[in-house]
Amino acid sequence: MERPLMTVDALTVEYWTRKGKIRAVDNLSFSLEKAETLGIVGESGSGKSTLGLSLIDLVPFPGRVTKGNIILKGKEVLKLQKDNLRNLRGKEICYVFQDPMTSLNPVKKIGAHFVELIRTHEPQVTKQEALKRAEKLLRDVGIRSERVSDYPHQLSGGMRQRVMIALAIALKPSVVVADEPTTALDVIVQAKILDLLNALRDAYGMALILITHDLSIVLQRSDRIIVMYAGHMVEYAPSIEIYSNPKHPYTQGLLNSIPNIELANQKLEAISGSPPDLLNLPKGCRFWPRCYCAFERCRREAPPLIKSGTEHFTRCFLYAEGRKT
Amino acid sequence: MPTLTQEYACRGIKMQKLKIKKSMLSHLLPGLASLAKRGLAGWLVILGAGLVIAVIVITVLSPVLSPYNPSGLNVGPRLSPPSFQFPFGTDDLGRDMLSRVISGGGIMLQVAILSVIVCVIIGVPLGLFSSYTGGVIDRFISLIMDSVYAFPGLILAIALTVVLGRGVINMAISIAVVYVPSYFRIIRSQVLSIKETPYVEAANAAGAKKRTVLSRYILPNTIPSIAVVATVNFADAILTAAGLTFIGMGVSVEIPDWGWDLTNGRNLLPSGAWWVITFPGLMIILLALGFTLMGEGLSELLNPRLEQ
């Protein structure tokens, strides 16, 4: 079997605050194949952005990766020297940030962003060549190439996000991490940006990690989905499985809250309660206070990740050995 | 219209540079005219810049403009009040006050410009480095800067000139020491917020070096604040320089200087010779006012937070 492009093994990220250690990402493992789209879904504070940042070892202070291993193309990311790590960022793993309005340097022209990025990683490229490539990249993401000489404030939000995406694919990375790439955009632009990301993924053969709080976005567009809750991976399955056969009560709750055009009298349901304080987690399963089918065991002990189908993992006792649903 | 690439392709690098320079100028000139459309703040900048430029032009052209030798004794009668021959009167040694007013700003301007340059050279990089590094280093540098900042400016400048001695450069250095902390503090606070912005994070995520992040991303975004602090600082530096010469810590007495004329005028004031102190004093006020107006206007134009 071919080795996956990237494997993440038992990754744990903690924020060491004065009040105590907050485990934002807890013992998370997954793998990423070439040209795969992986969706990471969770609410605010579930650790999905921290997970994304830890992939390039850029978790903001006071956070740190305390355990685990990330292997990209046979290299251990977390053990790289500073210089090698810098080469990896931007060249192997690229990031598309949440807020396109402020993700570009306001005092530099669009072209200058490309020139700097390309010349940082490939110093032999001249400025003219870099600008040429910038124009081609802009055309690839659907922006007229004259725009290289514009300043960021002359572009709309959607265009800026396109520029961010063009910057991310500029050096043909193997992985692009898009951290809520469409949160700041309206629905139509949102769909266009996501389609663009998928089209580029196919054209450039890169893997895409799509981090979002909106399950409906990733259901259509990703191959596999990780559902995160309070730092835990609660469900990990191919997206078709998540859609047709959600196992974890949290995932079921998320799906019930998405309007479905095929159901006439669908009642949208919200999950009651709010996510737990990571400093003060409930004993046992982290989801039981909000779970509609919690039972005695959920309150006592934390469920492990249970294989509940081929390629389907769920962190719930409902699928534990010897129990029928 | 040819696109930018075509231009790049068919012209040499030299031509490009020329073009950039040209386009910068052609960008700046209409910019100046549009200042008037920016409301009160724009007019403040124009008025302030006008005052400053006028004083600088007068000072630079003083050898041509002054009717008499500003240091020449007994060019007229002693203590003659303003007249057609001596529009600003003469002092107790018979020196023409108009000539002294025209040429008395040289030292002060030199000191102010030098001290602002020294301040920018020291304060800005220090603020950038300290703030971006953070931690113990930042606290240590901030502590030193805050202790300097806690001293009353003029008194510290006087103490430093006593140690360093007279002269333009020594005055500039002692004034610079007093005002470096204000640059440091402004830059530091700016960097604290800029270094958390998504575009700096994006630069880090794209593998930029620390040096690149500081010089290409953070420094250019602090330039508006630097411009504002520098203009306000000019006014302070001029007043401090005037204060230093006023108490005799400036340059030697032979060189015409407004500060010295103030001291002289104060002694003569009881005898009714108001003109000796008034005109140099007015010049200092005008110059400081010019810089202050410019600084206030710029800070309103460049600082979006104050607009609301």
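Helix 8 and helix 9 of chain B cross in the right-handed sense; a crossing counts as right-handed if the near helix is turned clockwise from the far one by less than a right angle, and as left-handed if anticlockwise. The structure is a predicted model, in which local features need pLDDT of at least 70 and side-chain atom pairs count only at pLDDT 80 or more, while totals for chains, interfaces and linings use all residues. Residues are numbered from 1 along each chain as its sequence is written, and chains are lettered from A and ligands numbered from 1 in the order in which they are written. Helices (H or I, at least four residues) and strands (E, at least two) are DSSP runs, numbered from the N terminus.

The axes of helix 8 (residues 153-164) and helix 9 (residues 168-194) of chain B come within 9 Å and cross at roughly 140°. Axes are lines fitted to C-alpha atoms, for helices over the stretch in contact, and angles run from 0 to 180 degrees between N-to-C directions. Helix 8 of chain B contributes G153(B), L156(B), A157(B), L160(B), T161(B) and L164(B) to the contact, and helix 9 of chain B contributes N170(B), M171(B), I173(B), S174(B), I175(B), V177(B) and V178(B). Two residues are in contact if their C-beta atoms, placed from the backbone, lie within 7 Å. The residues of this contact divide into 9 nonpolar, 4 polar and no charged. Ala, Val, Leu, Ile, Met, Phe, Trp, Tyr, Cys and Pro count as nonpolar, Asp, Glu, Lys and Arg as charged, and the others, Gly among them, as polar.

Chain B as a whole has 14 helices and 0 strands. Of its 308 residues, 40% are buried. A residue is buried if 20 or more other C-beta atoms lie within 10 Å of its own, exposed if 12 or fewer, and partly exposed in between, with C-beta atoms placed from the backbone. Among contacts in chain B with a separation of 6 or more, 68% are between residues 24 or more positions apart. S215(B) lies in helix 11 of chain B and is exposed because 12 other C-beta atoms lie within 10 Å. The C-alpha atoms of S215(B) and L128(B), 87 residues apart along the chain, are separated by 9.3 Å.

Chain A contains an open sheet of 8 strands in the order 6-7-8-3-9-10-12-11, with mixed pairing. Two strands pair if DSSP finds at least two bridges between them. Strand 6 (93-96) and strand 11 (306-309) of chain A are the edge strands, each pairing on one side only. From one strand to the next, the twist averages 20°. Helix 5 (residues 157-169) of chain A packs on this sheet, touching strand 6 and strand 7 of chain A, and its direction makes about 175° with that of strand 6 of chain A.

Within the sheet, strand 7 (residues 175-179) and strand 8 (residues 207-212) of chain A pair in the parallel sense over 5 bridges, and V177(A) stands opposite I209(A) in strand 8 of chain A. Strand 9 (residues 224-229) and strand 10 of chain A pair in the antiparallel sense over 6 bridges. V227(A) has E235(A) as its bridge partner in strand 10 of chain A. The hairpin of strand 9 and strand 10 of chain A has 2 residues between the strands, and A230(A) takes a positive phi near 50° there. Strand 10 of chain A is also joined to strand 12 (residues 312-314) of chain A by 2 bridges, in the antiparallel sense, with E235(A) opposite T314(A). Strand 10 (residues 232-238) of chain A is largely enclosed by the rest of the structure, because 6 of its 7 residues are buried.

A further open sheet of chain A has 4 strands in the order 2-1-4-5, with antiparallel pairing. Its edge strands are strand 2 (20-32) and strand 5 (75-76) of chain A. Strand 4 (residues 63-72) and strand 5 of chain A pair over 2 bridges, and I71(A) has E76(A) as its bridge partner.

The contact between the chains takes 19 residues from chain B and 27 residues from chain A. Helix 10 of chain B supplies the largest share of the chain B side, 6 residues. That side divides into 10 nonpolar, 6 polar and 3 charged residues.

The largest nonpolar core has 164 residues, and those with the most contacts inside it are V176(A), I175(B), I238(B) and A241(B). A nonpolar core is a set of buried Ala, Val, Leu, Ile, Met, Phe, Trp, Tyr and Cys residues joined through C-beta atoms within 7 Å. Helix 11 of chain B gives the largest share of this core, 15 residues.
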